[in-house]
Amino acid sequence: MGRRVDRGSSALPLRNSRRSLLRLGAVVAGGAMLGKAERAAGETSPPGEPEWSQTIGAGVVDRPYGKPSEFEKDVIRRDVPWLTASKESSVSFTPLQSLNGIITPNGLFFERFHAGRVDVDPRQHRLLIHGLVERPLVLTMDDIMRFPSVSRIHFIECPANGGMEWREAQLNSLQFTHGMIGCAEWTGVALSTLLGEVGLKKEAKWVMVEGADAARMNRSLPLAKCLDDCLIVYGQNGEALRPEQGYPLRILVPGWEGNVSVKWLRRIKVGDAPWFSREETSKYTELMPDGKARGFTWVNEAKSVITFPCPEKPVAAPGLYEIRGLAWSGHGKIKQVDVSCDGGINWQTTQLHEPILSKALTRFALPWRWDGKPALLQSRAIDETGHVQPTIAQLRQVRGTNPIYHNNSIQTWQVKPDGSVFDVQLG
Amino acid sequence: MSSSASIPAATAMSVIMLLGICLVGISANAASPGAFGYGTVATPAEIAGWDIDARGTDGLGLPPGKGDVSHGADVFIQQCATCHGTFGEGEGRYPKLEGGVGTLTADRPEPTVGSYWPFAPTLWDYINRAMPFSAPHTLSADDVYAITAYILNFNNIVPADFVANRDSLPKVKMPNRDNFTWTDPRPDTNNFACMKNCIDPKAVKIIATAEGKDLTPRTTGPLDAMKAK
């Protein structure tokens, strides 16, 4: 009581005297001196006045292309330096722990390069469509943008997301266990439109997409998927694709492992059989315990993760919180997400936030009163096909510990009595 | 009569005009080739320049040319050994290209060209497509054939006198060829949405934790430059 009165009584005369000075046309220096004296008391909370309320801010176009507040400088893509031999053939992770909603900001969308980020001149970029087609075409970016456009919100997830956790809990971080994912509104032309324009020959069954980067990344796609929902994309969250995402052109293959959504797309070839490229034989195949390997496992199955609390965002003190998280499925919409606070003994159904879109990130939330005792937090997604996200133990039982890809297991966060949070796995 | 007939005629005309506008869209969406007419028809020369793929199973798309193991060793040492080692043993974290046979069921498998890759033409395709890492697509078709022959040879898949070309490569039977399945068997787990007393509380045990492992880069402050593990 005494402190509040003191603060109020000291601040009010200052403000009054300042107003008087201004009214009298006092020099600016005088005002600044008074401002400094006031700020020295550290009064930014009410009833004080912070500095930013007493100075004029930067004008328009001070930053012709906006950027986040300097106070958000820690919210950046990060990599795991020990994971790969070079930065040019590597991956960075989206800081999911600091994001809201379902849209990933373009500057924070995870990167996956096989031969570095290339900066392609859109005026010189061409898309060649050929193979088993009636009318092979070379298209400029202007040509591509003239076709009817489509905008849709979808996630892209690298199938190696969580790959370092197959064997054991290794990375104490939401960003590094789950950050090879992003979700954006993508704008482009339906691949079915382009394939209609070139005309498919009757033997056409498979489509190869290839990038213009030095890796000339290429993957085979069955024709049915191409005609179903694939987009040839030039827009990302309202602006042009970012170079990291394949500017000026990429394919988006909704719900499928990110590697097939080839960036810097320059060639589409139609064939009668898959190509069995290096990226779909030696990589992006899953080694099973019996020594056999699975290929063409494209779909990212139902998955979810709690984004608060998490190792980067511990719990401050006992009390009421909202457990928040993200869920997604390459098979369609999320139907339900359940949360357990006791390691999977009991579960509660969470509230899903609109919009709930097919093959897109979906937000869930559940009120949680933390009593300060140890907790084991888990989330479990169920998609519209009814598929229930598995535990890591269930996955290992079938697939062992060496698949690298498609770990869609339930994540466990251990909350300790001091509120700190750790990545753990349960037996 | 004529004036009363002219009104419906005019209406019919405008209906036809409206239909005409709609029909442009309908016919374009009906996927008749060239309906939009955008872009230019690709010439054979344009296609040939970019048509670089060679199919894994049958080598469709492999170009003329050839290369033997001996020449391949020379080119490999100049162009590839810095990262992959003289005999494909791998330097640092760069990929090993040989060995690992018999390890695919081991605790720490080593998938390499010899132990894992199912198709030999894919090797030609990938080297031609993306290697050498810092200067891709700079080798001649003959040199790519030669490197392919050398890699297959140090994996004991082809003899020292092997000559790689568009006919011989598809005939090479890779050791792991038959150990792939190309249809997705998932869903292969059957978790169900139990809500209450789903497991015995005594069975809830932490068997692994990331706590205390020096593997996680920092997630605040500047980017972490932690060393390779």
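These exercises walk through a predicted model, each with a worked solution.

Residues are numbered from 1 along each chain as its sequence is written, while chains are lettered from A and ligands numbered from 1 in the order in which they are written. In this predicted model, local features need pLDDT of at least 70 and side-chain atom pairs count only at pLDDT 80 or more, whereas totals for chains, interfaces and linings use all residues.

**Exercise 1. Get to know chain A**

Task: Find how many helices and strands chain A has, and what share of its residues is buried.

Solution: 
- Start with the secondary structure: chain A has 7 helices and 23 strands. Helices (H or I, at least four residues) and strands (E, at least two) are DSSP runs, numbered from the N terminus.
- Next, turn to burial: 49% of the 427 residues in chain A are buried. A residue counts as buried if 20 or more other C-beta atoms lie within 10 Å of its own, exposed if 12 or fewer, and partly exposed in between, with C-beta atoms placed from the backbone.
- Finally, picture the box: along the principal axes, the C-alpha atoms of chain A fill roughly 85 × 55 × 40 Å.

**Exercise 2. Where the chains meet**

Task: Work out which strand of chain A gives the most residues to the side that touches chain B.

Solution: 
- Count the contacts: 83 residues of chain A are in contact with 76 residues of chain B. Contact requires C-beta atoms, placed from the backbone, within 7 Å.
- Look for the top contributor: strand β23 (residues 421-426) of chain A gives the most, with 5 residues.
- Now see how β23(A) meets the other chain: β23(A) pairs with strand β5 (residues 206-209) of chain B in the antiparallel sense over 3 bridges. Pairing requires that DSSP finds at least two bridges between the strands. Within β5(B), B:I206 is the bridge partner of A:L426.
- Step back to the sheet: 6 strands form an open antiparallel sheet in the order β18(A)-β17(A)-β21(A)-β22(A)-β23(A)-β5(B). The edges are β18 (348-349) of chain A and β5 of chain B; each has a single partner strand, so one side of each is left without a neighbour in the sheet.

**Exercise 3. A tryptophan in the sheet**

Task: Is A:W413 buried or exposed?

Solution: 
- Locate the residue: A:W413 lies in strand β22 (residues 412-415) of chain A.
- Count around the residue: A:W413 is buried, because 23 other C-beta atoms lie within 10 Å.
- List its contacts, leaving out residues up to four places away in sequence: A:W413 touches A:I306, A:P309, A:C310, A:L377, A:V421 and A:D423.

Note on methods:
Two residues are in contact if their C-beta atoms, placed from the backbone, lie within 7 Å.
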